Amino acid sequence: MADRYLSFTGTAPGRFLTRRLGLPQPAALHRWSPERPSLKGDRLLLTAGKSDLGLTDADARTALGLDLTTAPSGKPAAAVLDATGVRDVETLAEVHAALHPVVRSVAESGRVVVLGAPLDPADHHQAAAQQALEGFTRSLGKEIGRGRTVNLLRLTDAHAAESTLRFLLSPKSAYLSGQVIEVGSAPADVTAPRDAPHDPDRPLTGRTALVTGAARGIGEAVAETLARDGARVVVLDVPQAEQDARRVADRLGGTALALDITAPDAGARIAAALPDGLDVLVHNAGITRDRRLVNMPAERWSSVLDVNLTSVLRTTDALLESGTLKRGGRIVATASIAGLAGNAGQTNYGASKAGIVGLVRALAPRALAEHGVTVNAVAPGFVETRMTAAIPLFIREAGRRMNSLAQGGLPIDVAETTAWLADPGSSGVNGQVVRVCGQSLLGA
Ligand code: NAD
């Protein structure tokens with residue numbers, strides 16, 4: 001279902017009218033395409049406090065491939081504020097001093113990325129100052145407008161954060177705003193590319209990725225994006241959708257697997273179909289069966305829990321235990337903002353998606369230590385798919401506009417986020433739940 005309001009506000013009369021009426025002013029976002037693969041303009045580096053990251057050293061920045069400048073010409077495409085050295089509340093004034101003069105000049109669809117440090121439990125002054133960056137980031141995200149995004153990255157080592165910074169500073173993260181992402185370090189053998197030289201444009205070369213529910217919607221976009229990044233893709237969907245799954249697989253040079261993911265032996269059947277193992281497992285299949293709890297029969301409850309949570313737990317366990325998921329592997333599960341904020345009529349769905357968050361947080365450290373596999377979740381907000389096209393008009397309009405970018409996301413936005421988490425360079429990103437919601441007001 002096309003967003004006609006967004007098209008209307010893109011015209012001169014539309015802009016005039018909506019401004020006069022005080023209505024939302026969504027900007028047409030710059031998303032990645034082969035023709036426009038990067039944001040136009042310099043990436044400005046700013047500093048607050050005494051940082052240990054070494055980003056002020058031009059050589060270190062070049063080694064990271066970050067291409068940051070301290071003297072931009074024209075409107076910067078991004079402002080990166082290194083605030084890792086902010087250790088007390090007094091130094092927060094430097095955050096204001098650094099960004100206050102430049103925020104206005106950041107280009108349309110541009111980025112503000114704040115680099116923070118992990119909270120130090122032994123130093124409550126540092127913890128207060130670093131937590132303050134979270135409120136700062138989220139507030140700036142809500143006011144900055146013009147398709148610009150603001151995110152906070154907590155890190156200890158800029159090298160481990162390279163793939164994340166590259167993603168955040170690219171058009172691939174167009175619909176990601178108001179997020180706090182932690183990047184740690186990971187064992188070297190988990191980071192190293194195995195069977196192919198690392199190519200930042202095709203980081204998944206030589207890897208196999210399986211996407212559940214990939215015959216259409218978000219899953220189809222995920223399969224397409226992972227294939228673009230070099231992966232051999234396996235398109236899994238229910239037997240009733242086999243024709244569509246085959247069509248997607250053929251287009252991407254991959255294979256289709258007709259399988260109901262709730263089958264008790266789904267894990268064993270996936271393992272049998274992948275004798276050479278699996279590198280990336282994307283749990284995307286999901287269903288809704290909305291009703292208020294008072295009207296919800298047990299069958300509607302259990303079918304949603306079965307597809308969205310039980311099957312994810314069961315297949316994850318099976319593929320880790322059988323060794324099908326290789327070292328250096330990635331699991332990306334799909335949560336939802338309904339699982340974080342709750343949603344009327346969705347007690348079953350909200351429970352299932354909150355369950356995904358619990359699974360990810362508990363399994364991530366263990367899966368990395370024991371299997372060398374990272375586990376993360378994407379939590380989409382309102383995304384334009386058949387699922388959301390079925391929502392009644394007024395609720396759908398509210399869902400689209402109630403976020404900082406005043407528009408719905410596209411399947412590609414979730415796909416790009418998944419591709420970043422699947423990147424071999426993202427080993428330091430583990431146990432994260434990343435909302436792809438344009439900084440939705442729900443659960444904010
Ligand atoms: P969709 O309904 O368009 O596609 C879901 C796909 O999963 C379908 O192809 C379906 O056949 C498949 N599937 C369902 N049950 C399955 C099973 N038992 N075994 C194998 N495949 C099965 O949905 P979508 O909008 O693309 O959503 C994809 C994921 O994103 C879901 O997990 C959904 O909960 C989540 N999500 C979507 C939104 C949104 O706004 N669209 C928001 C938050 C979260």
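The C-alpha centres of domain 1 and domain 2 lie 28 Å apart in this predicted model. The domain assignment places domain 1 at 21–183 and domain 2 at 196–436; such bounds come from an automatic or database assignment. Residues are numbered from 1 along each chain as its sequence is written. Because the model is predicted, local features need pLDDT of at least 70 and side-chain atom pairs count only at pLDDT 80 or more, while totals for chains, interfaces and linings use all residues, and side-chain values use heavy atoms, with hydrogens and water left out.

Domain 1 brings 25 residues to the contact and domain 2 brings 27, where contact means heavy atoms within 4.5 Å. Together the domains bury about 2,200 Å², with 57% of it on carbon and sulfur atoms; buried area is the accessible area (1.4 Å probe) that two parts lose on being put together, summed over both. On the domain 1 side, Arg-31, Lys-172 and Tyr-175 lose the most area to domain 2, together 30% of what that side buries.

Which elements give two or more residues to the side of domain 1 that touches domain 2? They are helix H5 (124–143), helix H6 (162–168) and strand S5 (180–183), with helices (H or I, at least four residues) and strands (E, at least two) taken as DSSP runs numbered from the N terminus.
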